[in-house]
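Dear colleague,

Please find below the structure I promised to hand over. My notes on it follow, arranged by region.

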Amino acid sequence: MVDVRQISRRFGDTLAVDDATLSVRRGDFLTILGPSGCGKTTLLRMIAGFLEPSGGHILIDGKPMDDVPAHRRSIGMVFQKLALFPHMTAAQNVAYPLKMRRFERGEIAARVDRFLKLVRLDGLGSRRPHELSGGQQQRVAIARALSFSPDLLLLDEPLSALDKKLREEMQLEFRRIQQELGVTTINVTHDQREALVMSDQIVVMDAGRIEQDAAPEDVYQNPSTGFVARFLGMTSVFSGIVVSQTDAGPTIRVGDREMHGRAGCAFKPDDTVECALRAEQIRILEAGDDGCDTQVVATVEQRIFEGDRVVYQVRVPALADATLYAFDHDPLQHRRHGVNSTITIGWNAADLFAFPVEPAT
Ligand SMILES: Nc1ncnc2c1ncn2[C@@H]1O[C@H](COP(=O)(O)OP(=O)(O)OP(=O)(O)O)[C@@H](O)[C@H]1O
Ligand SMILES: [Mg+2]
């Protein structure tokens, strides 16, 4: 439904979006995920037609958008900063795009009703934005973006101003509405959890470039670059040197130890690699536990209590003093390891990702 082909945008010396290509299937929910300043909003504004690309093309429904202005594209948008009209009621806000598009009065009333109901605000239509909570205001903005049945919905971090609990509720709410209407959606966020929870497809961006484009499970389980591995999940990273490479993956020397890992490419001996290990793949071992491909002795540097889990930050002398993170998901049932105590941790070869070292930025 949406085809973005080799699109770029330059602002002076900044290449905000650098040769980005992606496509969205009809009815899908795609999230563009990346850190602040990586070019997400710029990419979204080009799709909406608010900003001209420096190069490349955008097609919607197979039609090139090069000469189609924003108001001629059938796109609903919810912005990074909330943009409700403060002097209008919730119902008037939702009616606004319908009036602009010259819908009939009866149809406007019916749609305002239907969309306020859809976002669970029936009965609150006569309130002004300042008489609504942050989450309710956000839902008015969603109803307004959807009321004219756009072909495409663009969301620019619409939940970022909400507190954590409300944000997590709204993520599920958004997903429900999107699936109920089947509207093709492109969402932008820097929140990895939001991307994983809501999306059919995730595009990970860094410094204007697309690093990976895949389904949520795939992005998480098979990150294509060190950046993606670091950006999703609690990931420890350390560097190593390739000793040998077989079809099963590389053998890597880190400090005094050699260990097996997996990689998306074949390395040569003596290549420098970046090794990434997810906290949930590291086991804290008790005496007599074995079954891990690699085991090392570590010193606890920090024990962070997070309620449903404890995060251990440990230092591993045998791995050139690498810092690793490990979770204990059942701290009440397990031994408590204090700062400076010594523990043994382990992991399997399939859980150690090796990536080519990226040039410093
Ligand atoms: N109008 C502009 N003029 C100059 N530079 C701009 C302009 N808009 C964006 N930029 C620059 O382009 C880069 C990408 O900005 P963009 O707003 O797309 O980032 P973002 O990924 O949406 O970030 P955030 O998560 O903070 O919203 C940044 O370096 C930014 O400073
Ligand atoms: Mg932005």
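The shell around ligand 1 consists of three nonpolar residues, nine polar ones and one charged one. These come from a predicted model. In total, 13 residues surround ligand 1, and the closest are Phe-11, Ala-16, Ser-36, Thr-41 and Thr-42. Strand 2 (14-24) and helix 1 (40-48) are the elements that give two or more residues to this shell. Helix 1 supplies the largest share, three residues.

I turn next to helix 5. Spanning residues 164-181, helix 5 has 18 residues, and the 26 Å from its first C-alpha to its last is close to the 26 Å expected at 1.5 Å a residue. Met-170, Gln-171, Phe-174, Ile-177 and Gln-178 are the buried residues I would point out in helix 5. They lie on the same side of helix 5, because the arc they cover around the axis is only 140°. An α-helix has 3.6 residues a turn, so residues three or four places apart point the same way. Lys-165, Leu-172 and Glu-180, on the other side of helix 5, are exposed.

The packing partners of the buried residues of helix 5 are strand 3 (29-33), helix 3 (105-118), helix 4 (134-146), strand 8 (184-189) and helix 6 (192-198). After helix 5 comes Gly-182, with a positive phi near 65°.

Six strands form an open sheet in the order 13-12-11-15-21-14, and their pairing is mixed. Strand 13 (257-260) and strand 14 (262-263) are at the edges; each has a single partner strand, so one side of each is left without a neighbour in the sheet. Within this sheet, strand 15 (residues 272-278) and strand 21 (residues 352-356) run antiparallel and are joined by five bridges. Ala-276 has Phe-353 of strand 21 as its bridge partner.

Finally, a word on Ser-224. This residue sits in the loop between helix 7 (216-221) and helix 8 (226-231). Ala-349 is 125 residues from Ser-224 in sequence, and their C-alpha atoms are 17 Å apart in space.

With kind regards

Notes
Residues numbered from 1 in each chain as written. Chains lettered and ligands numbered in written order. Predicted model: local features only at pLDDT ≥ 70, side-chain atom pairs only at ≥ 80, totals over all residues. Helix = DSSP H or I, 4+ residues; strand = E, 2+ residues; numbered from the N terminus. Expected span 1.5 Å × (residues − 1). Buried ≥ 20, exposed ≤ 12 C-beta atoms within 10 Å, placed from the backbone. Arc of directions from axis to C-beta. Contact = placed C-beta atoms within 7 Å. Pairing = 2+ DSSP bridges. Near = placed C-beta within 6 Å. Nonpolar A, V, L, I, M, F, W, Y, C, P; charged D, E, K, R; others polar.
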